[in-house]
Amino acid sequence: MTQAPRKKPEELRSHRWYGVKDLRSFGHRSRTAQMGYSRSDYAGKPVIAIINTWSDINPCHSHFKQRVEEVKRGIWQAGGFPVEMPRLTSSTRCLKCEWQGLMSLQVLMMAMTGLPA
């Protein structure tokens, strides 16, 4: 099995968020700094989003909080910058087709409107 060649940092979509010298990138860098991250945490790394449906009121997803922390650790170890993004949640017993479509649409819109991966 052949592995795809690694992209250079300038080829990553996240470079448009953090690597470009413009006002928009400045805004992304400053907000990331406000969250406590240093430039070395994200510079030249792919930004990997983790969509999380964990909540206190959903017993079906109670293990997601710990699982997401484990996934984040793996992303850091692999050289990425993990970003956790919340999503609508509903327990299985009240999940209906309408909710599934709404939740799928939410993830799609999150990905289309600014996910820097």
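1. Ser14 lies in helix α1. Helices here are DSSP runs of H or I with at least four residues, strands are runs of E with at least two, and both are numbered from the N terminus. With 3% relative accessibility, Ser14 counts as buried; buried means under 20% relative accessible area, exposed over 50%, and partly exposed in between (1.4 Å probe, protein chains only). Ser14 and Ile48 are 34 residues apart in sequence, while their C-alpha atoms are 9.1 Å apart in space.

2. On the basis of the model: this is a predicted model, in which local features need pLDDT of at least 70, side-chain atom pairs count only at pLDDT 80 or more, and totals for chains, interfaces and linings use all residues. Residues are numbered from 1 along each chain as its sequence is written, and side-chain values use heavy atoms, with hydrogens and water left out.

3. On the overall layout: the protein chain has five helices and two strands. From the N terminus on, these elements run α-α-α-β-α-β-α. Of the 117 residues in the protein chain, 26% count as buried. The accessible surface of the protein chain comes to about 8500 Å², by the Shrake-Rupley method with a 1.4 Å probe, where for residues only the protein chains shown count as cover. Carbon and sulfur atoms hold 58% of that surface.

4. On contacts across the sequence: a contact means heavy atoms within 4.5 Å. Among contacts in the protein chain with a separation of 6 or more, 62% are between residues 24 or more positions apart.

5. Val47 is found in strand β1, which covers residues 47-52. At 2% relative accessibility, Val47 counts as buried. Val47 and Trp17 are 30 residues apart in sequence, and the C-alpha to C-alpha distance between them is 9.5 Å.

6. His28 belongs to helix α2, residues 23-34. His28 counts as buried, at 10% relative accessibility. When neighbours within four places in sequence are left aside, His28 is in contact with Trp17 and Tyr18.

7. On the salt bridges: a search of the whole structure finds three. A salt bridge is a side-chain nitrogen of Lys or Arg within 4 Å of a carboxyl oxygen of Asp or Glu. One of them joins the side chains of Glu70 and Arg67, at 3.6 Å from N to O. Glu70 and Arg67 are three residues apart in helix α4 (residues 64-77), so about one helical turn separates them. Both ends count as partly exposed: Glu70 at 31% relative accessibility and Arg67 at 47%.

8. Glu69, Lys72 and Glu84 are linked in a network of salt bridges. Within helix α4, Glu69 and Lys72 lie three residues apart, about one turn of the helix, and their side chains meet at 3.6 Å, N to O. Glu69 counts as partly exposed at 41% relative accessibility, whereas Lys72 is buried, with a relative accessible area of 18%. Lys72 also forms a salt bridge with Glu84, the closest N and O atoms being 3.0 Å apart. Because Glu84 lies in strand β2 (residues 81-86) and Lys72 in helix α4, this pair ties together parts that are 12 residues apart in sequence. Glu84 counts as partly exposed, at 35% relative accessibility.

9. On surface patches: these are made of residues with over 30% relative accessible area and no salt bridge, with like charges joined within 9 Å and nonpolar side chains (Val, Leu, Ile, Met, Phe, Trp, Tyr) joined within 5 Å. Lys7, Arg13, Arg16 and Arg24 gather in a patch of positive charge on the surface. Lys and Arg count as positive and Asp and Glu as negative, while His and the chain ends are not counted. The place of a charge is taken as NZ of Lys, CZ of Arg, CG of Asp or CD of Glu. Arg16 is placed in helix α1, residues 13-18, and is exposed, with a relative accessible area of 55%.

10. A nonpolar patch on the surface is formed by Met35, Tyr37 and Trp76, which together have about 300 Å² of accessible area. Met35 lies in the loop between α2 and α3 (39-42). The relative accessible area of Met35 is 58%, so Met35 is exposed.
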